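Morning, everyone. I'll walk through a few spots in one model. Have a look at it first.

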Amino acid sequence: MSHDSAAAPEAAARKLSGRRRKEIVAVLLFSGGPIFESSIPLSVFGIDRQDAGVPRYRLLVCAGEEGPLRTTGGLELTAPQGLEAISRAGTVVVPAWRSITSPPPEEALDALRRAHEEGARIVGLCTGAFVLAAAGLLDGRPATTHWMYAPTLAKRYPSVHVDPRELFVDDGDVLTSAGTAAGIDLCLHIVRTDHGNEAAGALARRLVVPPRRSGGQERYLDRSLPEEIGADPLAEVVAWALEHLHEQFDVETLAARAYMSRRTFDRRFRSLTGSAPLQWLITQRVLQAQRLLETSDYSVDEVAGRCGFRSPVALRGHFRRQLGSSPAAYRAAYRARRPQGDRQPDPDTATAGASRPLPPSDPPTALPPENAVPFQTRRTATPMPAGAAGVPGQRSAAP
């Protein structure tokens with residue numbers, strides 16, 4: 001079930017400058033951007049659907065750099081507007097960025113900063129979050145992106161509180177979403193915020209998509225990798241790793257199972273997933289720890305052992321770096337936030353029958369420490385405990 005909490009008071013109080021109009025949406029395109037993601041805000045905000053009860057937006061398609069803009073399949077696009085047109089928009093959408101390792105053009109970043117200073121709502125879909133982060137608009141804020149790129153976003157911009165499990169995050173005047181379909185979710189959320197449930201529902205029917213999706217990225221994050229890996233020899237190694245997270249093994253073990261040197265394995269794994277194998281493995285172990293903290297009453301020491309960490313100290317360190325709170329604080333916040341009847345059984349129950357269920361009642365306990373993102377400042381697709389989700393760039397120590 002989706003969850004929309006109150007926006008941060010400071011963000012909610014911002015007002016548009018006189019030259020900007022709330023109904024004008026500017027979409028900022030760059031060369032090399034994927035055409036599917038780029039087309040989402042164009043379709044949502046650029047087509048007149050007033051006959052279906054959807055209020056009309058005025059769309060400005062703006063080039064973020066000199067054209068022509070080349071996109072998926074070698075297509076060339078010519079945007080009718082330049083960066084100057086952003087000055088009229090009440091909402092600016094960055095639907096994608098061509099490379100998570102390349103810096104965006106400084107002129108485009110300046111235009112986004114000015115738009116934000118003048119009260120415009122700034123939206124980053126999928127890898128568009130990297131552009132918002134480069135502009136400094138996500139500093140100290142909760143944000144999300146495609147789960148595969150979340151570790152890179154968190155590592156490159158440590159002041160951003162990245163949550164890779166959310167479909168989208170609405171922090172009032174700055175919004176971000178996960179991958180392609182989540183971009184549709186966020187655009188529908190914007191319509192719902194501006195014009196209500198009826199308008200968003202009418203638009204969803206036209207697009208033949210659900211008006212609200214339940215859940216988050218965790219269903220894909222936990223057990224998925226890019227589609228390209230399905231036919232790759234590494235797929236078997238990845239599957240083995242996911243099935244044996246409770247065991248203590250390192251990247252050298254995975255490289256040996258792939259019959260590769262560590263260097264070759266690292267290169268192949270990164271080329272397929274966008275993440276270093278050690279970063280990915282630590283993330284999977286922390287995710288497993290999250291599941292056990294949410295669904296069982298195992299002690300933190302027991303959780304560490306069941307997730308393959310060499311010690312509870314290792315679990316606590318990685319957990320805090322990724323989620324911004326200790327395992328105990330995370331569990332307390334989760335129990336305080338989640339209705340008693342809505343708790344799910346321990347994932348081990350179906351297979352081993354050995355896990356201990358949560359006790360029948362849990363009194364409210366303290367929320368995570370101050371460096372975790374407050375619940376009341378987030379408007380997200382799912383009510384998950386808040387915090388940063390970066391993965392440390394360690395290269396030698398095993399988790």
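Which residues of H3 are buried? Ala108, Leu109, Ala111, Leu112, Ala115 and His116. Buried means under 20% relative accessible area, exposed over 50%, and partly exposed in between, with a 1.4 Å probe and protein chains only. Seen down the axis of H3, those buried residues fall within an arc of 160°, so they line one face of the helix. That arc is taken from the directions from the helix axis to the C-beta atoms. On the other side of H3, Glu107 and Glu117 are exposed.

Two notes on the source. This is a predicted model: local features need pLDDT of at least 70, side-chain atom pairs count only at pLDDT 80 or more, and totals for chains, interfaces and linings use all residues. Numbering runs from 1 along each chain as its sequence is written, and side-chain values use heavy atoms, leaving out hydrogens and water.

What does that face pack against? The buried residues of H3 meet strands E2 (21–29), E6 (89–94), E7 (121–124) and E11 (174–177), plus helix H4 (128–134). Contact means heavy atoms within 4.5 Å. Helices (H or I, at least four residues) and strands (E, at least two) are DSSP runs, numbered from the N terminus. Just after H3, glycine 119 takes a positive phi of about 90°.

Now arginine 331. This residue lies in helix H15, residues 327–337. Arginine 331 is buried, at 12% relative accessible area. Leaving aside residues up to four places away in sequence, arginine 331 touches Leu292, Leu293, Ser296, Asp297 and Tyr298. The C-alpha atoms of arginine 331 and aspartate 297 are separated by 9.4 Å, and the two sit 34 residues apart along the chain.
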